[in-house]
Amino acid sequence: MTASTTRVTFSDGQTIAGMAAVEPVTGPMATPTPTPFPAPEIAAARLLIDLDALAANWRTIAALAPGAETAGVVKADAYGIGLEPAVRALHAAGCRTFFCATIDEGIRLRRTLPDARVLVLNGLLPGSQSTFTGHGLIPVLNDLSDIARWQDWARSLGRRLPCAVQLDTGMTRLGLKGPDTERLASEPGRLDGLDLRLWLTHPACADVPTHPLNRTQLDRFRTRLQHLPAAPASFCNSPAVHLGPDRHFDLIRPGVALYGANPTPAAKLRMREVIHLKAKILQIHRVDTPRTVGYGATHPVDGPARIATVGVGYGDGYPRSLSGRAEGRIGDHVVPLVGRVSMDLTTFDVSAVPEALAGPGAEISLIGGGVDIDRLAHAGGTIAYELLTGLGRRYSRTWSGTGADTGSDAGTPTITGREGTV
Ligand SMILES: Cc1ncc(COP(=O)(O)O)c(C=O)c1O
């Protein structure tokens, strides 16, 4: 790139002389990289993503709520596994309604699935109305001003516009609070011109089945719905699906369970593993005399021992809080993580593994392949959601499967939602 001194004119006509402008780059440097992920042969770790398992998990969850439509929550790049392949697989499994968080995720979704219902959870940012209608996205309206803005836009276009409305029943995050919900109930004209597809609320404590807020939120939701114009309703995230059919309403919104996590420890159903992260051993250290491993010299080794270093660290979303607290796997062999996780490197004690299986180039499973993502997250003081959405961009990525039902373990896709759902 070359910089030059020039006169820059802004779109409002203002001109500033003498500002450095950057000339456009031409030639090979201007070519965008075709994929943001390295090829397997040059990556220190491989992320294998099983789209058939994703689809099977969707079917499993759907079978738990046979009276409701089962949507797919695919925000944050489908919880880190890749939005486009994930939504194609879920669509092949029968999913027709998708929730994302942001407008740009919605646009990507729409480009991938022209006929899907795409709802944007984070609401209608001021100025985003034409983007919503231009891409056929449905906003989740989270307060009275969102509703008014969408209504104005519908009026200006002279047509009814679809929307969902979120009610806050105890999460205190997004959604209409009690008084605003009452106002909406007593002034239903606020919804004129809008095609209300869904009332939704979000449970705060569904992963703790005994938490009293679960009942409180359910009761509040039911009571509020009685006073509001009739429309389909939705309460459940993944863990709430396990709390019973009284929460399923017309549509369930599972996210993390689709990606192989089991957020409700008590649930009998286990989700299928969707991701498998395998890191190559870069180097083996033979320890024959006492020494320590890694930053802070936190892990003493007397020897004899073999320490394997892999090229994955907290810079890849493998949390530093796992230092000394996690395990990897080489086949059936459990290999303890020793010392501190550093930015690009982590060390495992492979002394108990036959040398032929644990040399440079051999792979250690860090997530999946026998390493349970929920247990791993717990060991690091976090949750599977964070491990998934933090999956690094330095891994190569391979997606296998299509999501189509092969008849093996999948069960019947269930979209038996009542007519008129979202
Ligand atoms: C409004 C809403 N619905 C559904 C989900 C999916 O939740 P889970 O991943 O726990 O299934 C989320 C995720 O946080 C959410 O914010």
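## Helix H1 against H3

Helices here are DSSP runs of H or I with at least four residues, strands are E runs of at least two, and both are numbered from the N terminus. H1 covers residues 51-64, and its axis comes within 9 Å of the axis of H3, with a crossing angle of roughly 50° (axes are lines fitted to C-alpha atoms over the stretch in contact, and angles run from 0 to 180 degrees between N-to-C directions). That makes H1 oblique to H3 (under 35 degrees is roughly parallel, over 145 roughly antiparallel, 65 to 115 roughly perpendicular, and the rest oblique).

Which residues of H1 and H3 meet? From H1 there are Leu 51, Leu 54, Ala 55, Trp 58 and Arg 59, and they meet Pro 85, Ala 86, Ala 89, Leu 90, Ala 92 and Ala 93 of H3 (contact means C-beta atoms, placed from the backbone, within 7 Å). By class, that makes ten nonpolar residues, no polar ones and one charged (Ala, Val, Leu, Ile, Met, Phe, Trp, Tyr, Cys and Pro are nonpolar, Asp, Glu, Lys and Arg charged, the others, Gly among them, polar).

## H3 against H4

H3 (residues 83-93) also pairs up with H4 (residues 103-112): the two axes come within 10 Å and cross at roughly 50°. H3 and H4 are therefore oblique to each other, and H3 passes H4 in a right-handed crossing.

On the H3 side, the contact uses Leu 83, Glu 84, Val 87 and Arg 88, while H4 brings in Glu 105, Arg 108, Leu 109 and Thr 112. Sorted by class, the contact of H3 with H4 holds three nonpolar residues, one polar and four charged.

Most residues other than glycine have a negative phi, and most peptide bonds are trans. Helix H2 (residues 75-79) holds Ala 78, whose phi is positive, near 55°. Tyr 79, also found in helix H2, isn't a glycine either, yet has a positive phi of about 50°. Ala 78 is buried, with 29 other C-beta atoms within 10 Å, and Tyr 79 is buried with 26 (20 or more such atoms, placed from the backbone, count as buried, 12 or fewer as exposed, in between as partly exposed).

Then there's the cis peptide bond between Gly 303 and Pro 304, with omega about 0°. Pro 304 sits in the loop that runs between strand S15 (299-301) and strand S16 (305-310).

Is Leu 218 buried or exposed? Leu 218 counts as buried, with 21 C-beta neighbours inside 10 Å.

Leaving out residues up to four places away in sequence, Leu 218 touches Phe 235, Asp 246 and Arg 247. Thr 169 is 49 residues away from Leu 218 along the chain, and their C-alpha atoms are separated by 8.0 Å.

## The whole chain

The chain has 422 residues, and buried ones make up 45% of them. Its secondary structure comes to eleven helices and 21 strands. Of the contacts between residues at least 6 apart in sequence, 67% join residues at least 24 apart.

## Ground rules

Residue numbers start from 1 along each chain as its sequence is written. As the model is predicted, local features need pLDDT of at least 70 and side-chain atom pairs count only at pLDDT 80 or more, while totals for chains, interfaces and linings use all residues.

Key. A crossing is left-handed if the near helix is turned anticlockwise from the far one by less than a right angle, and right-handed if clockwise. Two residues are in contact if their C-beta atoms, placed from the backbone, lie within 7 Å.
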